[in-house]
Amino acid sequence: MAGENWTMWLNITNFALGIVTLIALLVVFFAVGWDLLVRKVGRTPTVDLRNIDADLKALLHGSHSLSVPELGLTMADGGEPLEPSTCKPSKKSQE
């Protein structure tokens with residue numbers, strides 16, 4: 001830079017970025033701590049994990065999923081299956 005005070009501006013920028021980083025870390029730690037405190041103190045009902053499959057099926061019912069048994073995972077577009085080729089690849093001689 002042309003001026004001799006470029007190191008002062010570099011130090012000011014580094015200090016400002018350090019302050020911003022510390023504030024961001026404090027916000028994250030406060031949010032995680034607050035969430036843990038609310039979960040511990042709050043009297044939220046526990047989730048019944050025995051019926052989780054039925055709940056998931058009820059949630060996905062009416063969504064964009066389409067159950068067609070004839071279509072496999074590799075035939076998502078409904079195309080015709082390709083038979084594997086019977087010819088062997090030719091070996092090219094390297095010179």
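Mentor: Let's talk through the fold, the charges and the surface.

Trainee: What are we looking at, helices or strands?
Mentor: This is a predicted model, and the protein has 2 helices and 0 strands.

Trainee: Switching to charges, how many salt bridges does a search of the whole structure find?
Mentor: The search turns up 1 salt bridge. D35 pairs with R39, and their closest N and O atoms sit 3.5 Å apart.

Trainee: Where do R39 and D35 lie?
Mentor: Both are in helix α1, which covers residues 6-41. They are 4 residues apart, about one turn of the helix.

Trainee: Why does R39 count as exposed?
Mentor: Because its relative accessibility is 62%, and the cut-off for exposed is over 50%.

Trainee: What about D35?
Mentor: D35 comes in at 36% relative accessibility, so it counts as partly exposed.

Trainee: OK, new topic. Which residues form the nonpolar patch on the surface?
Mentor: The patch is made of F15, I19, L22, I23, L25, V27, V28, F29, V32 and L36. Together they have about 1000 Å² of accessible area.

Trainee: Take L36 then. Where is its place, and is L36 buried or exposed?
Mentor: L36 is in helix α1 too. Its relative accessible area is 55%, so L36 is exposed.

Definitions and conventions:
Residues numbered from 1 in each chain as written. Predicted model: local features only at pLDDT ≥ 70, side-chain atom pairs only at ≥ 80, totals over all residues. Heavy atoms only, no water. Salt bridge = Lys/Arg side-chain N within 4 Å of Asp/Glu carboxyl O. Buried < 20%, exposed > 50% of the residue type's maximum accessible area, 1.4 Å probe, protein only. Patch = residues over 30% accessible without salt bridge, like charges linked within 9 Å, V, L, I, M, F, W, Y side chains within 5 Å. Areas by Shrake-Rupley, 256 points an atom, 1.4 Å probe, with all protein chains shown as cover.
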